[in-house]
Amino acid sequence: MSDGGEVVGLDNLNAYYDPALKHARLARLRQHDGFSFHRLDLTDQHGMQALFAKHRFRQVVHLAAQAGVRYSIDAPQQYISSNIAGFCTLLECCVQNGVRHLLYASSSSVYGDTEETPFSEKDAADRPRSLYAATKRAGELLAYSHACIHGLPSTGIRYFTVYGPWGRPDMAAMTFAEDLRAERPLKVFGDGRQRRAFTYIDDAVMGTLAILERGAPARQPAAALYNLGSDQDVELLEFIRILAREMRCEYEIEFHPEPPGEMRATLPDISAMRRDLGFEPGTELKQGLREFARWFREYCG
Ligand SMILES: NC(=O)c1ccc[n+]([C@@H]2O[C@H](COP(=O)([O-])OP(=O)(O)OC[C@H]3O[C@@H](n4cnc5c(N)ncnc54)[C@H](O)[C@@H]3O)[C@@H](O)[C@H]2O)c1
């Protein structure tokens, strides 16, 4: 787009959360020359094959997924369908059309019951605590096997708790902001001492673009994995305190039992991203939440 290239977007615009937000993001993307959009489901094999045959993509950035840890308890099939069957369709299309590099979103949740933090890409990641995490790990394994069998180069990005303007409404920043605005008590699951690497969206984008620009992994099999997250270790209660201050709101907390699937701490070792890509997550939480609060006032009123 800004470099004169063409970007083709794909999404089924499902109603997991209010599609109005998805349409509003899309309206912004459509303002860019070189951007076009297809409403398509990843599991629609014919539609996907036609799209790939038409555009002959060189690089594919695959972020579409059924996300969310808690919802995977209620709707497991949706995760299997989008994150495993849909991802497999995408992998096959990449192979058949000679895609030179596939970037895909994985998740910090794959570390599950890994005991030591920070999590390293060298950890086994074989004890997922939720079905969502299991499907994300399955995606990594499918990508690896496609690198071995078909030589499809890929890089999986394990994102850590991304927040910021235009973010998902089921994540902490948005749910707490809604409650603060409505002067409702904030629902915290567990004791609020769970630790996260809250990663500002611009840092997540910067890291993703760095991987895209570097190109396919050199080593064989060409299937790389990177942790992408902030290196600030923050308790949920601290996140709430800063958000409330940035939104200039008083608040009360209502504690609820921790649901199954939650992790106590998700903190990344980002030395590989630093070493290979010069990645430096520069956004302080206070600054990121200020930007988020400004967007929330404008967009959500
Ligand atoms: N936001 C985070 O903190 C975070 C952390 C770790 C990993 N991730 C991963 O990053 C990616 C993006 O996450 P997000 O927070 O922007 O989620 P999101 O739900 O806002 O975006 C995912 C998009 O995929 C689309 N989609 C879902 N199933 C589809 C299908 N079968 N066919 C076509 N489109 C489909 C949805 O409509 C949605 O717009 C996901 O793969 C997610 O698992 C996100």
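Before we go on, a word on what we are looking at. This is a predicted model, in which local features need pLDDT of at least 70, side-chain atom pairs count only at pLDDT 80 or more, and totals for chains, interfaces and linings use all residues. Residues are numbered from 1 along each chain as its sequence is written.

Back to our pair. The strands β3 and β4 run parallel and are joined by 4 bridges. Strands count as paired here if DSSP finds at least two bridges between them.

β3 and β4 belong to an open sheet of 4 strands, in the order β3-β4-β5-β10, with parallel pairing. At its edges are β3 (59-62) and β10 (223-228), each pairing on one side only. On average, neighbouring strands in this sheet are turned by 20° against each other, direction ignored. As a reminder while you look at any sheet, side chains in a regular strand alternate between the two faces.

β4 also leads us to the ligand. Which elements each supply at least two residues of the shell around the ligand? They are α4 (76-96) and β4 (101-107). Of the 21 residues around the ligand, the ones that come nearest are A64, A65, A105, Y159 and V162. Being near here means that the C-beta atom, placed from the backbone, lies within 6 Å of the molecule. The shell divides into 9 nonpolar, 8 polar and 4 charged residues.

Let's follow α4 to its neighbour. The axes of helix α2 (residues 45-55) and α4 come within 10 Å and cross at roughly 30°. Axes are lines fitted to C-alpha atoms, for helices over the stretch in contact, and angles run from 0 to 180 degrees between N-to-C directions. α2 and α4 are therefore roughly parallel to each other. That label covers angles under 35 degrees; over 145 is roughly antiparallel, 65 to 115 roughly perpendicular, and the rest oblique. α2 passes α4 in a right-handed crossing, meaning that the near helix is turned clockwise from the far one by less than a right angle.

Next, the start of the chain. Strand β1 (residues 7-11) pairs with strand β2 (residues 35-39) in the parallel sense, over 5 bridges. V7 stands opposite F35 in β2. Together with helix α1 (residues 19-29), β1 and β2 make a right-handed β-α-β unit. Right-handed here means that, with the strands pointing away from the viewer, the path from the first strand over the helix to the second runs clockwise.

Last stop: another sheet. This open sheet has 3 strands in the order β11-β8-β13, with mixed pairing. Its edge strands are β11 (234-235) and β13 (265-266), each pairing on one side only. Strand β8 (residues 195-196) and β13 pair in the parallel sense over 2 bridges, and R196 stands opposite T266 in β13.

Finally, helix α8 (residues 236-246) and helix α10 (residues 285-300) have axes that come within 9 Å and cross at roughly 50°. That makes α8 oblique to α10. Their crossing is right-handed.

How values were computed. Nonpolar A, V, L, I, M, F, W, Y, C, P; charged D, E, K, R; others polar.
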